[in-house]
Amino acid sequence: MKSRTLAIVASILGEEGGIWDDPIGGMTNFGVRQVTLDALLAKGYDFPKDVTDLKMGDAFLIIESQYLADSPSGTNRILELPKPLDNLLAHMRVMSWDNGVRIAQELVGVTVDGICGINTVRALKDDPRSPTVLASIIADEFCRRCTNGYQKSYVARFNRVIAHN
């Protein structure tokens, strides 16, 4: 595993903590939702059946493989983005799947489909604003759109993610 991937997954796990019954996403442990775990188990993966029984190592493998690894079709290229955009959008992917990528796409004027493919990566890299400025704008917009009452904790989390790259 590349060192940048390792650093991003470690950053996510450092923010996600342990077991939590999210009123929106359901039971979660280390950022892995029960529905995500159920889908992996149905595909034959060998993890505990209950998300509350996941160990940090299990969560590490799930986050890396399900949220960060690129697909054969090249539809998840978050790890090709410059710092801190890569880390911020990885956190957002774990938190809300494609909402962060959609906001980034709106910001740089590419097709808004939630897929972090080659066009999105190119547009973000080519944007005249620095990656840190872009990350801050994306984070602010993500929090502005939040309707779940977690805005303050998201602002703090995103500030840490952007600052500690």
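**Helix packing and backbone details**

Visitor: Which residues in H7 meet H8, and which ones in H8 do they meet?

Guide: On the H7 side they are Thr132, Ala135, Ser136, Ala139, Phe142 and Cys143, and these meet Gln151, Tyr154, Val155, Phe158 and Ile162 in H8, where contact means heavy atoms within 4.5 Å. Please keep in mind that this is a predicted model, in which local features need pLDDT of at least 70, side-chain atom pairs count only at pLDDT 80 or more, and totals for chains, interfaces and linings use all residues. Residues are numbered from 1 along each chain as its sequence is written, and side-chain values use heavy atoms, with hydrogens and water left out.

Visitor: How do the residues of that contact divide by class?

Guide: The contact of H7 with H8 has eight nonpolar residues, three polar and no charged ones, counting Ala, Val, Leu, Ile, Met, Phe, Trp, Tyr, Cys and Pro as nonpolar, Asp, Glu, Lys and Arg as charged, and the others, Gly among them, as polar.

Visitor: And what angle do H7 and H8 pack at?

Guide: H7 (residues 131-145) and H8 (residues 151-163) pack at about 170°, their axes being 10 Å apart, and that makes H7 roughly antiparallel to H8. Helices here are DSSP runs (H or I, at least four residues), and strands are runs of E with at least two, numbered from the N terminus. Axes are lines fitted to C-alpha atoms, for helices over the stretch in contact, with angles from 0 to 180 degrees between N-to-C directions; under 35 degrees counts as roughly parallel, over 145 as roughly antiparallel, 65 to 115 as roughly perpendicular, and the rest as oblique.

Visitor: What about H4 and H8, how far apart are their axes?

Guide: The axes of H4 and H8 are 9 Å apart, and the two helices pack at an angle of about 145°. Asn87, Leu88, His91, Met92 and Met95 in H4 meet Tyr154, Arg157, Phe158 and Val161 in H8, and by class this contact has six nonpolar, two polar and one charged residues.

Visitor: Where does H1 come in, and at what angle do the axes of H1 and H4 cross?

Guide: The axes of H1 (residues 3-16) and H4 (residues 85-96) come within 10 Å and cross at roughly 50°, and these helices are therefore oblique to each other. Arg4, Ile8, Ser11, Ile12, Glu15 and Glu16 in H1 meet Asp86, Asn87, Ala90, His91, Val94 and Met95 in H4, a contact with five nonpolar, three polar and four charged residues.

Visitor: New topic: which residues does a cis peptide bond join?

Guide: Lys83 and Pro84 are joined by a cis peptide bond, with omega about -5°, and Pro84 lies in the loop between helix H3 (56-68) and H4.

Visitor: Which residue has a positive phi although it is not a glycine?

Guide: That is Phe30, with a phi of about 55°, and Phe30 is found in the loop between strand E2 (26-29) and strand E3 (32-33). For background, most residues other than glycine have a negative phi, and most peptide bonds are trans.
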